[in-house]
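This report goes through a protein chain by region, with the cut-offs behind each term. The sequence and the model come just below.

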Amino acid sequence: MNIVRENRDNQTALLKVTVGEADYREAVDKKLKEVRKKANIPGFRPGMVPMGIINKMYGKSTIAETAYKMASDGCFEYLEKEKIDYMGDVLPSDEQGAFDFDNNTEHEFVFEIGLAPAVNLDLSDKDKVTRYKIKISDQMREDYRTNFMRRYGRLVDVEKVEKDEAVTCKLDNGDIQVEEGYVGLISMSDEERKPYIGKKVGDEMIVNINDLYKTPSQRASVLGVKEKDLADVAPEFKLTITKIRKFAEPELDEEFFKTAFPDGTVKDAAGLDRYIEEQITKELDRESDFVFTAEVRKYLVDKASLTLPEEFLKKWLFTINEGKFTMEEIEKDFASFAAMMKWNLVQKYFVNKLELKVGDDDMLNEAKALAAAQFAQYGMMNVADDTLTNYANSILGNKQEANKILEKLFERKVIDAVAPLMKVASKSVTPEELGKVFEKLND
């Protein structure tokens, strides 16, 4: 087998691979013998078909298949041996000539590769980025506390509607009577709440059922009719308030702290305030870290100033997607794809240069953190470690999810490793200001 590389314009190269009979004959003969064992041809017993017939029927296609595989495998071995950094994959070239498997014993296969640009980045305190820290406002504290306490509170009866109470009512339009309707003011806008403010048990008002329950499924459920019959329902109903209830926070007593914090980490009001502050800080730090990562990524990619074999990559994307996307669609989204590819090259450069590794413990801990976050969405804040471990192992058992975690960890390790090599300024911002920073990074 002989391989010749020809560098071309636009960061591409051709690999011309010549495969001779000495390369493929043994493998072809072996495959044809296997074919003979299984061949079912009228007039011959299984395994007894003459090799001349097998050769005539299957020889050419077997040579083509075997020679192509050898050429393809040879390409990858060559690229690894020569340490050629390529992008995408090896593709058959448009310059491929015709094959003559009837008369020739040597066959030339022509492949195309896209050459990756060299990355060379030296960082110092002349390289400047900003880490933004979101200021915690009193409104954030109040909102977090309200949402947290709502998990452990209860509804109590009150005399009148003041803001976001839950109203139980009767509904009657003359044809349909509903004995126990429900109106949740917490999900309404201030304008929608206005007619209810100040109302007491026993008060009546006229409502439009279509405005009160926004979706057909809601209306059908409340009125006890089928959705297809809603068009025949007169929309004006008399609403009579039968009960008004309001959410009441639990008392900050021993029972509450044992229920909310069974591990004993929080035991009093001061501890609750610290817990709320810590949780808000964690959430805001995650947002700040996300933006900081985006800023460092953009800075490094811009500084590296890489050029890509764009036409080759577009062709590769079209080929691997097997017609799922048109070239016009690939062209439209190529800028974001190119940015990702450039970051992958920069990231790979630092992983190799700084010898960064992701271990099994890193993977497990990240999967456990992901599992804990998922449990927290359902209000389960203190999940046992063995439960988290089992759940984490099931996540890592999914190859796609495991790869996502691996990519995330490598990115984090790169950011953590390069940030100390740069000058990082700190700046306090509001959530709105941070949002504008992120938008600008993505322009």
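Glu 355 lies in the loop between H10 and H11; helices here are DSSP runs of H or I with at least four residues, strands are runs of E with at least two, and both are numbered from the N terminus. This is a predicted model, in which local features need pLDDT of at least 70 and side-chain atom pairs count only at pLDDT 80 or more, while totals for chains, interfaces and linings use all residues. Residues are numbered from 1 along each chain as its sequence is written, and side-chain values use heavy atoms, with hydrogens and water left out.

Glu 355 has a phi near 55°, a positive value in a residue other than glycine. Glu 355 is exposed, with a relative accessible area of 62%; exposed means over 50%, buried under 20%, and partly exposed in between, for a 1.4 Å probe and protein chains only. Gln 11 also has a positive phi, of about 55°, and is not a glycine. Gln 11 sits in the loop between strand E1 (2-8) and strand E2 (12-19) and is partly exposed, at 23% relative accessible area. Most residues other than glycine have a negative phi.

## The largest nonpolar core

A nonpolar core is a set of buried Ala, Val, Leu, Ile, Met, Phe, Trp, Tyr and Cys residues joined through side-chain atoms within 4.5 Å. The largest one has 35 residues, and Leu 300, Leu 313, Val 346 and Phe 350 have the most contacts inside it. At least two residues of this core come from each of strand E3 (86-92), helix H8 (269-304), helix H9 (310-320), helix H10 (327-353) and helix H13 (399-418). H10 gives the most, with 11 residues. In soluble globular proteins, nonpolar side chains tend to be buried together.

What does Val 346 touch, leaving out residues up to four places away in sequence? Its partners are Val 119, Leu 121, Leu 300, Val 301, Ala 304 and Leu 306, where contact means heavy atoms within 4.5 Å.

Phe 312 is placed in helix H9 and is buried, with a relative accessible area of 2%. Beyond residues up to four places away in sequence, Phe 312 touches Thr 12, Met 87, Asp 89, Leu 91, Glu 112, Ile 113 and Gly 114. Its C-alpha atom is separated by 28 Å from that of Asp 100, 212 residues apart along the chain.

Glu 322 lies in the loop between H9 and H10. Glu 322 is exposed, with a relative accessible area of 70%. Glu 322 and Gly 202 are 120 residues apart in sequence and 67 Å apart in space, C-alpha to C-alpha.

## The largest pocket

On a 1 Å grid over the protein atoms alone, a pocket is an open set of points where a 1.4 Å probe fits, with protein on both sides within 12 Å along at least five of seven lines; lining residues have an atom within 4 Å of a point. The largest pocket holds about 1,300 Å³ of space, the volume being the space filled by probe spheres set on the points, which are joined across faces, edges and corners. Of its 34 lining residues, Phe 290, Thr 293, Ala 294, Arg 297 and Glu 411 are the closest to the centre.

H8, H10, helix H11 (360-376), H13 and helix H14 (431-441) each supply at least two residues of the lining, and H8 gives the most, with 10 residues. The lining divides into 16 nonpolar, three polar and 15 charged residues. Ala, Val, Leu, Ile, Met, Phe, Trp, Tyr, Cys and Pro count as nonpolar, Asp, Glu, Lys and Arg as charged, and the others, Gly among them, as polar.

Lys 368 lies in helix H11 and is buried, with a relative accessible area of 15%. Lys 368 touches Asp 385, Leu 388, Thr 389 and Ala 392, not counting residues up to four places away in sequence.

The buried residues of H14 are Leu 434, Val 437 and Leu 441. Seen down the axis of H14, they fall within an arc of 55°, so they line one face of the helix; the arc is that of the directions from the helix axis to the C-beta atoms. The buried residues of H14 pack against strand E5 (128-134), H8 and strand E11 (423-429). The face turned away from the buried side carries the exposed residues Glu 432, Lys 436, Glu 439 and Lys 440. Leu 441 has a relative accessible area of 19% and touches Val 291, Ala 294, Glu 295 and Lys 298, not counting residues up to four places away in sequence.
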